[in-house]
Amino acid sequence: MATRSQMIERRIREGILEGEFAAGARMNEIELARNLGVSRTPVRAALSVLSSEGLLHYTPNSGFTVQVFTSEDIVKIYELRSTLSGLAARLATQNGLGEEGLDRLRALVRSGRELLDDGIWTQAEFRLWEQTNETFHWRIDEAAENSYVVAAIQRTRDIPVLREIRYRWIDPETLAVNQSSHEAILDALRRGQQRRAEELTAEHVYQNGQRIVRQWREIERRNRGEEVTDPGAEAEPTPATRVAG
């Protein structure tokens, strides 16, 4: 059972990631405690945790504010990450993964296909897909045998807000597109097609970034009081749609 502090932390985290608390907004402990029906102590503890994770910024004598992270930041990050991931795929193909390495990738792609064919999408299935996706890309990055490229890719993954939203706003249809991309990338790796592997991987990562950018821009428009162009963007995502990347 989650403690009260953990539940408050989760509630505030969701508010940040769904744009309820706009970028740069000051987090007023008294107001938060009143709205959540708790004392200031668990609120202060939750804010400290979220600050340590990089979702909030703390200034002595001023308190906590929401970290500023814009859709343009995401655009720039994914431009870099798609290029780096494509490079990693090309290097992996150039090095050759060997039958053992290819077999590991085949198993991951097969697991993804089985999840899609099963057609049952609970939070557990989404989590399993997320793990499969992460491992698939990590195996390719590892096969690049270039620690500098891998470290640079990891830095783009570890950006606090982006780390939290990468696996949000996704549905089975989007997962099917990702699965097809994985299958095509694996085929290029298997055939030793360096340029094709690079281009497919770069486009795959780029398109996932574009999906996140579109959603984040809807949140930015909403926070500016503009009309939200996508009606579904205003709805609270269900557990079955809170998973990308």
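Biologist: Which residues of α2 are buried?

Modeller: First, the ground rules: this is a predicted model, with local features needing pLDDT of at least 70, side-chain atom pairs counting only at pLDDT 80 or more, and totals for chains, interfaces and linings using all residues. Residues are numbered from 1 along each chain as its sequence is written, and side-chain values use heavy atoms, leaving out hydrogens and water. Buried means under 20% relative accessible area and exposed over 50%, with partly exposed in between (1.4 Å probe, protein chains only). In α2, Glu29, Leu32 and Ala33 are buried.

Biologist: Why do the buried residues line one face of the helix?

Modeller: An α-helix has 3.6 residues a turn, so residues three or four places apart point the same way. Down the axis of α2, the buried residues fall within an arc of 100° (taken from the directions from the helix axis to the C-beta atoms), so they line one face. On the other side, Arg34 and Asn35 are exposed.

Biologist: What do the buried residues of α2 pack against?

Modeller: Contact means heavy atoms within 4.5 Å. The buried residues of α2 pack against α1 (4-17), α3 and β2 (63-66).

Note on methods. Helices (H or I, at least four residues) and strands (E, at least two) are DSSP runs, numbered from the N terminus.
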